[in-house]
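This report looks at one helix and at the charged pairs of a chain. The sequence and the structure come first.

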Amino acid sequence: MLQTLYDYFWWERLWLPVNLTWADLEDRDGRVYAKASDLYITLPLALLFLIIRYFFELYVATPLAALLNVKEKTRLRAPPNPTLEHFYLTSGKQPKQAEVELLSRKSGLSGRQVERWFRRRRNQDRPSLLKKFREASWRFTFYLIAFIAGMAVIVDKPWFYDLRKVWEGYPIQSTIPSQYWYYMIELSFYWSLLFSIASDVKRKDFKEQIIHHVATIILLSFSWFANYIRAGTLIMALHDSSDYLLESAKMFNYAGWKNTCNNIFIVFAIVFIITRLVILPFWILHCTVVYPLDLYPAFFGYYFFNSMMGVLQLLHIFWAYLILRMAYKFITGKLVEDERSDRDETESSEGEEATAGGGAKSRPLANGHPILSNNHRKND
């Protein structure tokens, strides 16, 4: 049964054009071809990336944060309360008004004190500014190095300047060591991101991030063993061209360098729009959808690869919408902030001095705490 499934999965008609077999991609005459077994190394490399990241964040990113004067906000901790803690862990982090009243009776606290406890408890679970800075520093370092290395790999190749040459001789295209390592390192890095996503800073596009990482891993893996390597290197370099700008903008944001952050963000937005919404769909996707049909009839691998490209393109459109929203806020004089991230909830003087009946009554309240203005600083 398993052998039958294995044989069917690797059936040549799924992954290769008509009249070609895996035997055509066996190494010969000193020419090396991509093989699925090459990808096994990416899993131990992904674990190595996690180890390197740990020491990088400890011995590079943390001292850099201190040098840039990244200051942590003082967060008031919620006092121990078994009743409220049990509700927080089992029923929800933002109780409705009826639930607040019920919890108030059970805990012996006032409704305002219950709301304040939940605000503090939610803030405790939010990642610290230092954690965000270290994560952004790690990604900035990788994306910058990957972009420079990727350009070094492809800039002297003829298909970098003439996309029709991507398919010249396909699929009998041998690989070179620089392409091999470029692929293995990029794929390993995305595996490491998928492994660490549960412990990384969780943003509002958490599900989209998982979809992106999975689609990228599938796309890179397929493009390797089906010998879409030339197209794959172009796609990887195109993505890395803007990612390091976003991470550097985050780093300066956490350090409080707002003008630098805003300026880098505008450059990032321009590069992102050009690369992801212009070059990728109108050059790269056109190259992978149209040009192969001049050589071979469409086959399953052709549809599969371009379907994964379509998933990534939809995610790019989603993120471009968020980026344009942030760019609009910047142009209209508001702070540039990451639309995907959560932010700390502040406590008004009325909230802290509930018994004093303070003067915050004129401010609108939502779930018992003041609604924050649009230009309130987020953590990301």
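Which glycine, with a positive phi, follows helix 5? Helix 5 is followed by glycine 108, whose phi is near 80°.

## Basis

This is a predicted model, in which local features need pLDDT of at least 70 and side-chain atom pairs count only at pLDDT 80 or more, while totals for chains, interfaces and linings use all residues. Residues are numbered from 1 along each chain as its sequence is written, and side-chain values use heavy atoms, with hydrogens and water left out.

## Helix 5

Helix 5 spans residues 97-107, helices being DSSP runs of H or I with at least four residues, numbered from the N terminus. Val100, Leu103 and Ser104 are buried there (under 20% relative accessible area, with exposed over 50% and partly exposed in between; 1.4 Å probe, protein chains only). Seen down the axis of helix 5, the buried residues fall within an arc of 110°, so they line one face; the arc is that of the directions from the helix axis to the C-beta atoms. On the other side of helix 5, Ala98, Arg105 and Lys106 are exposed.

## Salt bridges

A salt bridge is a side-chain nitrogen of Lys or Arg within 4 Å of a carboxyl oxygen of Asp or Glu, and by this rule the count comes to 13. Arginine 121 pairs in this way with glutamate 85, their closest N and O atoms being 3.0 Å apart; the pair links helix 6 to helix 4 across 36 residues. Arginine 121 is buried, at 10% relative accessible area, whereas glutamate 85, at 23%, is partly exposed.

Definitions and conventions
Helices (H or I, at least four residues) and strands (E, at least two) are DSSP runs, numbered from the N terminus.
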